[in-house]
Amino acid sequence: MRRRHFLELSATLGAGAAVAWSGPANARPGHDPGLDLIVAADGGGDVTTVQAAIDAAPAGALTPYRIGVRPGSYLGQVIVPADKTNLELRGLGRAPAEVLIADDRANGTLKPDGTPWGTSGSASVTVNGAGFRARNLTFANLFDEAAHPEITNRQAVAVLTRADKLIFERVRFLANQDTLYVNSTAAGVVARASFRDCYVEGDVDFIFGRATAVFDRCRVHSLNRGSTPNGYVTAPSTDITNPHGLLFTHCRLTSDAPAGTVYLGRPWHPSNDPNAIGQTIIRNSWIGAHIGATAWSDFGTWPWSEARLAEYRNTGPGALTSPDRPQLTPAEAAGNDVADFLTGSDDWHPYC
């Protein structure tokens, strides 16, 4: 019920497998001025793994270093170090589903030394390098909860980001609990990330962290866990000094869970940090019936009403009017749009 098409893709392809390449047989960097390196699981590129491509990229790049990834399944953890700046991963398939970059560990999965990986360590992909960009591919954490009842700490991150000025376009993020961890290097440090035309899927707190992140024209899909509640879309931990946390604009929030069983979010206070006054704003978006009249939840002893949680001009069967659904005023909405979150003092415009 909770494991879908991406597991089927993984099983079909297998580790390191590739699907048929529809481009020219000699499409190497020398024949494509738009790419610096090609990853191909079948050996027909420059390297066979995504990590090898990242390792081969120059450190401290000031201009984009473009890595093309041919259709296939690339299994194993991927880490983009802080000194590997301005990298781009570009899926070369016809659709994001044709390139799968994934791993399968969870928080409670044990390392070779017998200690657990933890939430951050579970990430299939970790991005520490500023200016990273990904297009037209899928990131997933394939941890199978049903197959591991002995593991109770089931946070299993598909992507963890810590860097600034990140761009994701036409990217799928697939997992269950804690799918997408948008973070920064430290509390109070602003790290911006833009997600455009993306698809994010999960169940519990599956978009979370203290980064400033904008989801523009994305589909955000809550899985049916078969429980009540069925889950929480967001768990922001925005530092009190940062006026901008998570923004969803012109998105579609969907689910096959029963009506009113999913929350829009709850405020996360890592290590009970009182300065983590999380912000989630959902505006001008379509919300399905899985969201009920009470859309926000407390997180332990931390009340949702003390966080920065709000909506503005949403539509759909889940866009209900309720005292438990705070709404921005038009004046507040005017100061909480995409440019307000992303531009910053360096005048960053991701899609110009």
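A pocket is an open set of points on a 1 Å grid over the protein atoms alone, where a 1.4 Å probe fits, with protein on both sides within 12 Å along at least five of seven lines, and its lining residues have an atom within 4 Å of a point. The model is predicted, and local features need pLDDT of at least 70, side-chain atom pairs count only at pLDDT 80 or more, and totals for chains, interfaces and linings use all residues. Residues are numbered from 1 along each chain as its sequence is written, and side-chain values use heavy atoms, with hydrogens and water left out.

**View 1. Lining of the largest pocket.** Pro64, Arg66, Asn86, Leu87, Glu88, Ala130, Gly131, Phe132, Arg133, Lys165, Ile167 and Trp348 form the lining.

**View 2. Tilted pair of Phe132 and Phe168.** Rings of Phe, Tyr and Trp (its six-membered ring) pair if their centres lie within 6.5 Å, with planes under 30 degrees apart counted as stacked, over 60 as edge-to-face and the rest as tilted. The ring centres of Phe132 and Phe168 are 6.0 Å apart and the planes stand at 50 degrees, so this pair is tilted.

**View 3. Stacked pair of Phe168 and Phe195.** Here the centres lie 4.8 Å apart and the planes at 5 degrees, so the rings are stacked. Phe195 is likewise buried, at 0% relative accessibility.

**View 4. One aromatic cluster.** Phe132, Phe168 and Phe195 belong to a cluster that also includes Phe139, Phe173, Phe215 and Phe248.

Notes: Buried < 20%, exposed > 50% of the residue type's maximum accessible area, 1.4 Å probe, protein only.
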